[in-house]
Amino acid sequence: GLELLKRVKSKAKATRVIMLTGYPESIEDGVLERYGADELILKAPKGSRFNTRNFKIKIKELMSEKEEG
């Protein structure tokens, strides 16, 4: 994921990126900000459902920020 984030940002800095992970403890503090991720969303624990509503809200927020900026 981080390698893809680095590549995307190196080619298109303005691209908004939402990282999705099931292992938040494996991501060091500040790494996402350093490489340009806009959001980090945690996957649902095994056996539960992913909250698509929150995901859609984050996408809308990022899109509205881009339109304003």
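One aromatic pair is present in the structure, where rings of Phe, Tyr and Trp (its six-membered ring) pair if their centres lie within 6.5 Å, and planes under 30 degrees apart count as stacked, over 60 as edge-to-face and the rest as tilted. The pair joins Phe-50 and Phe-55 in an edge-to-face arrangement, at 5.7 Å centre to centre and 65° between the planes. Phe-50 is partly exposed, with a relative accessible area of 32%, and Phe-55 is also partly exposed, at 27%; buried means under 20% relative accessible area, exposed over 50%, and partly exposed in between (1.4 Å probe, protein chains only).

The model is predicted: local features need pLDDT of at least 70, side-chain atom pairs count only at pLDDT 80 or more, and totals for chains, interfaces and linings use all residues. Residues are numbered from 1 along each chain as its sequence is written, and side-chain values use heavy atoms, with hydrogens and water left out.

The largest nonpolar core consists of 5 residues, Leu-5, Val-17, Met-19, Leu-32 and Ala-37; such a core is a set of buried Ala, Val, Leu, Ile, Met, Phe, Trp, Tyr and Cys residues joined through side-chain atoms within 4.5 Å. Beyond four places in sequence, Leu-5 touches Val-17, Met-19, Leu-32, Tyr-35, Gly-36 and Ala-37 (contact: heavy atoms within 4.5 Å).

Lys-9 is buried without a salt bridge, and Asp-38, the nearest side chain of opposite charge, is 4.2 Å away. A salt bridge requires a side-chain nitrogen of Lys or Arg within 4 Å of a carboxyl oxygen of Asp or Glu. The Lys-9 side chain reaches the backbone oxygen of Thr-15 at 2.5 Å.

How values were computed. Lys, Arg positive; Asp, Glu negative; His and termini not counted. Polar contact = N/O pair within 3.5 Å; in protein donor to acceptor, adjacent residues only side chain to side chain.
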